[in-house]
Amino acid sequence: AARSRATCLQQATFAYDGMAKLGEGDQRWIVKEREDGRNCNNWHWTSKDVSKNTKEELIRCLEACTFEPPIALARVKSAEVTGEASINNRKGKIFLIYDLEVKLKWEASDGEGGEACKGSMKLPDVSATMLDDLDCEFTCKSSGGVATAMRKQGVAAVRRCIEEAMLRMQEEVRAEKARPEAEAVAETRPPNATPAVAVPLPKPIAVSTVPAKQPPPQPKPPEPAAGSDSGEEEEGEDKLPPALEAALRGLRQEPEAQREVCLANCSLRDSHLEPLIQALHHSRCAVETLDLAFNRLSDAGVHVLCRAVASGCAMELSSLRLRGNKLSP
């Protein structure tokens with residue numbers, strides 16, 4: 001017992017000495033940039049300044065803002081927008097961050113020969129967190145029905161105009177960054193990849209009318225023993241189980257909504273993992289739990305699945321269940 005304990009301590013000491021040492025400049029702890037400068041799967045945080053375009057678009061929308069009666073003749077004379085806006089990308093998700101201040105001057109009249117009134121509005125905090133409840137400082141030196149309507153309906157119309165403009169810009173940013181899957185596959189394909197070539201179908205074989213000589217009868221192969229599943233495996237080799245087809249359909253149509261994929265006890269084999277891995281490679285895949293327990297997977301199939309996960313497939317995956325398969329201990 002003392003000898004085995006000493007051997008264990010020696011092995012543990014050797015393993016500890018081989019580990020990377022924190023704080024001593026060990027190269028294994030340093031994350032290096034890729035030589036080609038590529039941000040694989042958009043994992044790292046990236047930011048792009050779009051302040052100028054965002055301000056110009058918001059000013060254009062404010063100057064085109066329309067009002068409803070009784071202030072249908074009101075208009076925004078000028079608008080000024082200050083602050084910052086940027087497009088940020090993290091783990092494949094695109095979103096617009098902005099912190100703006102809006103100042104505008106307006107004028108309105110009732111259209112019945114009454115005196116026109118003028119004023120200004122200031123919205124000091126236009127951001128994503130305050131977009132549905134924007135603070136507005138209203139200023140007008142005149143009094144009367146037009147000024148009162150501008151204080152209520154006019155401020156509401158300006159708030160609604162700003163909210164619609166910012167939400168529209170957010171959707172435009174997402175649509176611009178979203179790329180078709182075919183383009184993403186073509187980008188990740190290695191330069192020396194062989195293009196697909198159409199294989200010609202074989203020509204039909206002419207059937208002779210002369211009866212052929214019958215070969216001697218061959219002995220029948222022994223039938224498989226009772227309980228053997230070899231016949232079932234050959235029959236369903238190319239057919240996907242219904243549960244896998246439903247899971248693939250959900251991963252392709254709504255990848256963000258699929259947090260847990262349960263394929264336990266579905267008679268999955270190694271040949272069924274290829275379409276599953278392709279679906280998990282989706283850039284918006286959000287699967288956190290993958291249950292493949294009690295199937296017919298072997299060590300080779302699990303090895304292929306683990307290599308795919310290590311190369312960037314299903315980056316949100318935190319739980320993989322494989323119990324009950326044909327795996328070596």
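I take two strands as paired if DSSP finds at least two bridges between them. Strands (E, at least two residues) and helices (H or I, at least four) are DSSP runs numbered from the N terminus.

I am working on a predicted model, in which local features need pLDDT of at least 70, side-chain atom pairs count only at pLDDT 80 or more, and totals for chains, interfaces and linings use all residues. Residues are numbered from 1 along each chain as its sequence is written, and side-chain values use heavy atoms, with hydrogens and water left out.

**Entry 1: the sheet.** I looked up an open sheet of three strands, which run in the order E6-E7-E8 with parallel pairing. The edges are strand E6 (260-262) and strand E8 (319-321); each has a single partner strand, so one side of each is without a neighbour in the sheet. On average, neighbouring strands here are turned by 0° against each other, direction ignored. For such angles, axes are lines fitted to C-alpha atoms, for helices over the stretch in contact, and angles run from 0 to 180 degrees between N-to-C directions. I then followed strand E7 (residues 289-291), which pairs with E8 in the parallel sense over three bridges. Leu 290 has Leu 320 in E8 as its bridge partner.

**Entry 2: the aromatic pair.** I found one aromatic pair in the structure. Trp 106 and Phe 138 are stacked, at 5.6 Å centre to centre and 20° between the planes. The criterion takes rings of Phe, Tyr and Trp (its six-membered ring) with centres within 6.5 Å; planes under 30 degrees apart count as stacked, over 60 as edge-to-face and the rest as tilted. The pair links distant parts of the chain, 32 residues apart: Trp 106 sits in strand E3 (residues 93-108) and Phe 138 in strand E5 (residues 137-140). I checked accessibility with a 1.4 Å probe and protein chains only, where buried is under 20% relative accessible area, exposed over 50%, and partly exposed in between. Trp 106 is buried at 1%, and Phe 138 counts as buried at 15%.

**Entry 3: backbone exceptions.** Most residues other than glycine have a negative phi, and most peptide bonds are trans. I noted a cis peptide bond from Pro 69 to Pro 70, with omega near 10°. Pro 70 is in the loop between helix H2 (51-63) and strand E2 (75-90).

Asn 265 has a positive phi, near 55°. I located Asn 265 in the loop between E6 and helix H7 (273-280), and at 63% relative accessibility it counts as exposed.

Ala 314 also has a positive phi, of about 55°. Ala 314 lies in the loop between helix H8 (299-310) and E8, and counts as buried at 5% relative accessibility.
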